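This note sets out several points on the protein chain shown below. Please read each point with the structure open.

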Amino acid sequence: MIRYDFHAHRPPAQPDTVAILSGKACSVPPHCFRAEELHPWEKATALPENWEQQAVAADVIGEVGLDRLRGAPWEQQLAVLDAILAIAHRHGKPVTLHIVRGLDELLQRRRRYPLERWLWHGWRGGNPANLDRVLQAGIRVGIGIHTPETAIREIGRYPELLALESDDEPESLPEVYRKTAAVLGRTEVELCRLAQRNFAGFLGRTQVL
């Protein structure tokens with residue numbers, strides 16, 4: 001049984017894991033995939049030199065996004081995100097998103113790119129209506145160790161948009177799968193098969209290991 005980790009900052013803690021690794025210091029093990037990150041906390045006011053070239057060489061762009069509580073001034077965050085989303089669109093790259101108090105702005109951009117493969121990573125709760133807006137926009141949503149059961153049930157209503165992740169706690173992934181399977185009334189084997197299909201779809205591949 002292979003578990004698929006849609007967003008991780010550290011290499012897998014278990015050998016039966018295929019992960020998308022995000023972060024500049026990451027060494028990517030075999031059978032894992034690399035994401036090129038420009039986190040809003042980095043306070044970038046423009047794209048760094050050669051960033052597009054590095055992003056194109058990666059499997060995924062992210063995490064990137066918007067954060068009203070930290071990072072560069074808001075208008076500059078919006079401009080950087082717009083540039084990143086344009087690069088992703090131009091090169092057919094999936095995007096992993098970090099969004100804090102920027103849902104309306106993100107959904108405005110979703111109307112510009114309605115079919116892109118986007119993942120809102122690490123849903124932790126909040127207004128259920130906001131989660132529904134994200135799912136109805138066709139944006140994948142990451143379930144992590146801190147995602148409440150009510151949110152897992154709502155995400156489970158859109159199985160093709162379900163993603164599972166460890167973020168910066170690789171040892172948590174088995175528990176994320178166990179808890180999600182229990183909440184959704186599936187076996188872990190069934191959940192792994194669904195995650196495999198969704199993982200391949202997010203990467204734009206017909207299949208993955």
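Helices (H or I, at least four residues) and strands (E, at least two) are DSSP runs, numbered from the N terminus. This is a predicted model in which local features need pLDDT of at least 70 and side-chain atom pairs count only at pLDDT 80 or more, while totals for chains, interfaces and linings use all residues. Residues are numbered from 1 along each chain as its sequence is written, and side-chain values use heavy atoms, with hydrogens and water left out.

1. Overall fold. The protein chain contains 7 helices and 8 strands. Its radius of gyration is 16 Å, close to the 17 Å that the globule rule gives for 209 residues, so the chain is as compact as a globular protein of that length. The radius is taken over C-alpha atoms, and the rule is 2.2 Å times the number of residues to the power 0.38. Along its principal axes the C-alpha trace spans about 45 × 40 × 30 Å.

2. Of the 209 residues, 51% are buried; buried means under 20% relative accessible area, exposed over 50%, and partly exposed in between (1.4 Å probe, protein chains only). Among contacts (heavy atoms within 4.5 Å) with a separation of 6 or more, 58% join residues 24 or more positions apart.

3. Thr147. T147 is placed in the loop between strand 7 (140-143) and helix 5 (149-156). This residue is buried, with a relative accessible area of 1%. Its side chain reaches the backbone nitrogen of G144 at 2.9 Å, a polar contact being a pair of N or O atoms within 3.5 Å; within protein, one must be able to donate a hydrogen and the other to accept it, and residues adjacent in sequence count only if both atoms are side-chain atoms. Leaving aside neighbours within four places in sequence, T147 is in contact with W123, G142, I152 and K179.

4. Backbone geometry. Most residues other than glycine have a negative phi, and most peptide bonds are trans. The peptide bond from G62 to E63 is cis, with omega near 10 degrees, and E63 belongs to strand 4 (residues 60-67).

5. Positive phi values. N50, which is not a glycine, has a positive phi of about 70 degrees. N50 lies in the loop between strand 3 (33-36) and helix 1 (51-57) and is partly exposed, at 47% relative accessible area. D167 also is a residue other than glycine with a positive phi, near 55 degrees. D167 sits in the loop between strand 8 (162-164) and helix 6 (173-184), and at 18% relative accessibility D167 counts as buried.
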